[in-house]
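Reader: Could you walk me through reading helix packing and ring pairs in a model like this one?

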Protein chains: 2
Amino acid sequence: MRPTRRRDVPTRAPQAGIKTGPDRPATKKRTIAAPDDDVGLDGLAGHVGYAVRRFQLWIFQDFIKTLAAVDITPTQYSVLTVVAANPGLTQMAVAKRLGIERARLVHLLDALEQRNLVKRAASKTDRRSHSLHLTAAGEASLRQFKLLAAEHERHVIDKIGKDNRDRLLEILAPFR
Amino acid sequence: MRPTRRRDVPTRAPQAGIKTGPDRPATKKRTIAAPDDDVGLDGLAGHVGYAVRRFQLWIFQDFIKTLAAVDITPTQYSVLTVVAANPGLTQMAVAKRLGIERARLVHLLDALEQRNLVKRAASKTDRRSHSLHLTAAGEASLRQFKLLAAEHERHVIDKIGKDNRDRLLEILAPFR
DNA sequence: GGTGACTGTTGTCGACGACAACAATTGTTG
DNA sequence: CAACAATTGTTGTCGTCGACAACAGTCACC
């Protein structure tokens, strides 16, 4: 029998008639260098969203891999960068600027504060809010992070070309 | 007192010296049309990854909103499109083609099968695998989905321009 | 004929966005 | 000045998602 529970799918007959295709192996091992990628995307190829999703996946993976040694994610990097560029900013302001939820930013800052990269100070003008700053260690670390981020950016250029990369930045600028 | 538990943050003194900024209201209501967006991004502006993330977020939101009436997500749409274009495909093949995990695809297909859009048939050549097909209802539905997806694509064009959109597709083509 | 690889499935983990609720605080308004 | 709405940081929950691990059935190959 099959894996014990197969859902209540009727398991209907194989339904002859529709060309099933050779159930291609899809593995590189058996068929040495099979034309594995002849699966059509049909209309999907004309959708920007799909292309962007794949690209974003690739770019985040590369960023994480490149900054793995310092254990910094893209989101953490963006928070550090914005706080560094605008010392004293409120959590709300940072969240709104980066399109992160207030609630989410709390945890992000918790982690960054535990690593002594950021500190929350009481705002002098509004006792509800915190003013955010990098610690000395944070400033130093960020300099190193930026070097690695630049290396990641070079990977992007190697992948799509400098001209295309510049064009991307230009096209996507309106989204901040 | 503050919200009961405020983390073990030392709550150190306000740390005078650093320009705190007016803790700007960040609300359109109080300050009519405040220059709310003068928070610098610093180096972040030069990173493709950040721009792509924001863009991807926007595009997915619009897709979901545009296809809300038929309750189809971008991922579901991609699965339907690929299965429609390649009838009889294996789950593995679909997963690999779309960059989805096998495990994830199981749930996606469960949902689509419950809605009678897709059916899993036993493969005639490999009893381990399923050959995927659209149902008649699935074919009909997909035609409608494609109309809505085209409308979403027009939104994209309205946002970034047709030339930029074409350029995007071109640049991101290598990512499939 | 037995061993190793592959498929579909289930489950778990962590990251993440969307929300809702809440205490503390602020600003406004009657 | 007191009442009230709005804001800020925080906690918690829910559903989605990618990454893994494990497992039963099946297949390929020596």
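Reader: At what angle do helix H5 and helix H6 of chain B pack?

Author: Helices here are DSSP runs (H or I, at least four residues; strands are E, at least two), numbered from the N terminus. Axes are lines fitted to C-alpha atoms, for helices over the stretch in contact, and angles run from 0 to 180 degrees between N-to-C directions. In this predicted model, H5 (residues 136-160) and H6 (residues 162-172) of chain B pack at about 110 degrees, with axes 7 Å apart. Under 35 degrees is roughly parallel, over 145 roughly antiparallel, 65 to 115 roughly perpendicular and the rest oblique, so H5(B) and H6(B) come out roughly perpendicular.

Reader: Which residues of H5(B) meet H6(B)?

Author: Contact means heavy atoms within 4.5 Å. From H5(B), B:Glu153, B:Val156, B:Ile157 and B:Ile160 meet B:Lys162, B:Asp163, B:Asn164, B:Arg165 and B:Leu168 of H6(B).

Reader: And how are ring pairs called?

Author: Phe, Tyr and Trp rings (six-membered for Trp) pair if their centres lie within 6.5 Å; planes under 30 degrees apart are stacked, over 60 edge-to-face, the rest tilted. That gives eight aromatic pairs over all chains. A:Phe175 and B:Phe55 have ring centres 4.8 Å apart and planes at 65 degrees, so they're edge-to-face. This pair joins two chains, because A:Phe175 follows helix H6 (162-172) of chain A while B:Phe55 sits in helix H1 (residues 48-66) of chain B.

Reader: Is B:Phe55 buried or exposed?

Author: Buried is under 20% relative accessible area, exposed over 50%, partly exposed in between (1.4 Å probe, protein chains only). B:Phe55 is buried at 0%, and A:Phe175 is buried at 7%.

Definitions and conventions: Residues numbered from 1 in each chain as written. Chains lettered and ligands numbered in written order. Predicted model: local features only at pLDDT ≥ 70, side-chain atom pairs only at ≥ 80, totals over all residues. Heavy atoms only, no water.
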